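Hello,

Here is the structure I promised to pass on to you. Please open it first, and then read my notes beside it.

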Amino acid sequence: MNDVSRRKWITGGLAAAAGAAGLTAADVLGKRYGLIPPDHGVLYGPGETLTYAAQRLLASHSLAREFPPSEISKPPFANGEGPRMEAFTRLQEGGFAGWRLAVDGMVARPASFSIAELKSHPSRSQITHLACEEGWSFIAQWTGVPLSHVLELTGTLPQAKYVVYYSMDREWWDSIDMAEALHPQTLITYAMNGGELPVGHGGPLRMRVPRQLGYKNVKFITRLTVTDDLKKFGQGFGSASPEGGYAWYAGI
């Protein structure tokens with residue numbers, strides 16, 4: 001998008017915030033510039049479109065705040081435990097040596113990575129804030145391989161728009177757009193606060209998307225699917241189901 005188009009969209013977006021009629025205008029403008037979230041058709045869709053498009057236009061390269069080690073929460077809050085299934089228990093007893101992360105969909109080189117293989121690739125550590133939609137939050141150090149690196153290894157196709165990521169818990173999956181997937185702070189994390197990622201925090205692998213709310217940071221991930229259309233995956237959009245009251249885009 002050139003500077004003139006960008007200014008037109010921002011001007012139109014500000015005007016759109018004025019009322020219900022303006023929200024409809026925001027939806028029209030979003031479609032014009034290809035900045036439409038996949039849940040734009042729900043009750044609050046025009047507002048979601050305005051929020052998502054404004055973030056992408058004004059803050060697409062912004063970084064989540066990173067903190068000094070002195071700010072790490074002691075202890076960080078863990079809001080769950082591992083999946084209650086025999087397969088997870090067996091993997092846990094084996095130190096997760098058999099855990100695999102599959103990458104498929106719109107990639108030139110589908111692949112499957114063990115945790116050891118992921119650890120052999122370039123890593124990033126960051127101390128960031130995780131904010132849950134339920135109201136609690138904490139600061140922790142997260143270490144993992146950038147999602148952008150994994151997508152580069154597997155050769156994401158140019159027409160790809162989203163990355164869908166699945167938990168071993170079959171009811172839990174979510175997705176982000178390519179801008180978020182390629183952001184340098186979006187990690188496939190395997191370590192926390194200098195040690196292995198605890199099961200209570202999603203170990204052995206958790207998606208870490210520090211620019212979005214907690215529910216986008218899915219635990220126990222086993223598969224990534226690159227796609228150009230989320231409608232292929234149904235209307236729920238995983239944990240961010242409009243029926244569940246969550247927006248697909250959860251930027252903070």
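In which loop does Phe-96 lie? Phe-96 sits in the loop between α4 and β1. The names come from DSSP runs numbered from the N terminus, where helices are H or I with at least four residues and strands are E with at least two.

Before going further, please note that this is a predicted model, in which local features need pLDDT of at least 70, side-chain atom pairs count only at pLDDT 80 or more, and totals for chains, interfaces and linings use all residues. Residues are numbered from 1 along each chain as its sequence is written, and side-chain values use heavy atoms, with hydrogens and water left out.

**Backbone**

Most residues other than glycine have a negative phi, and most peptide bonds are trans. Phe-96 is not a glycine, yet its phi is positive, at about 60 degrees. With a relative accessible area of 12%, Phe-96 is buried (buried means under 20% relative accessible area, exposed over 50%, and partly exposed in between, using a 1.4 Å probe and protein chains only). Phe-220 also has a positive phi, near 55 degrees. You will find Phe-220 in the loop between β9 and β10, and this residue is buried at 3%.

There are cis peptide bonds to look at as well. One runs from Lys-74 to Pro-75, with omega near -15 degrees, and Pro-75 is in the loop between α3 and α4. Another runs from Gly-203 to Pro-204, with omega near 15 degrees; Pro-204 is in the loop between β8 (195-196) and β9.

Strand β5 covers residues 162-167, and six of its six residues are buried. Tyr-162, Val-164 and Tyr-166 are on one side, with Val-163, Tyr-165 and Ser-167 on the other. Two strands pair if DSSP finds at least two bridges between them. Five bridges join β5 to β6 (residues 173-177), and these strands run antiparallel. A hairpin of five residues connects β5 to β6, and Tyr-165 has Asp-174 as its bridge partner in β6. β5 is also antiparallel to β10 (residues 221-227), through six bridges, with Tyr-166 opposite Arg-223.

**Salt bridges**

A salt bridge here is a side-chain nitrogen of Lys or Arg within 4 Å of a carboxyl oxygen of Asp or Glu. The whole structure has eight of them. Asp-174 takes part in one with Lys-216, at 2.7 Å from N to O. This pair links distant parts of the chain, 42 residues apart: Lys-216 is in the loop between β9 (206-208) and β10, and Asp-174 is in β6. Lys-216 is buried at 0%, and Asp-174 is buried at 0%.

Arg-100 and Glu-117 form another, at 3.6 Å from N to O. Arg-100 lies in strand β1 (residues 100-105) and Glu-117 in helix α5 (residues 115-119), so the pair ties together parts 17 residues apart in sequence. Arg-100 is partly exposed at 38%, and Glu-117 is partly exposed at 35%.

**A pocket**

The second largest pocket is lined by 19 residues, and those nearest its centre are Asn-79, Glu-133, Trp-172, Arg-206 and Lys-219. (On a 1 Å grid over the protein atoms alone, a pocket is an open set of points where a 1.4 Å probe fits, with protein on both sides within 12 Å along at least five of seven lines; lining residues have an atom within 4 Å of a point.)

Enjoy exploring!
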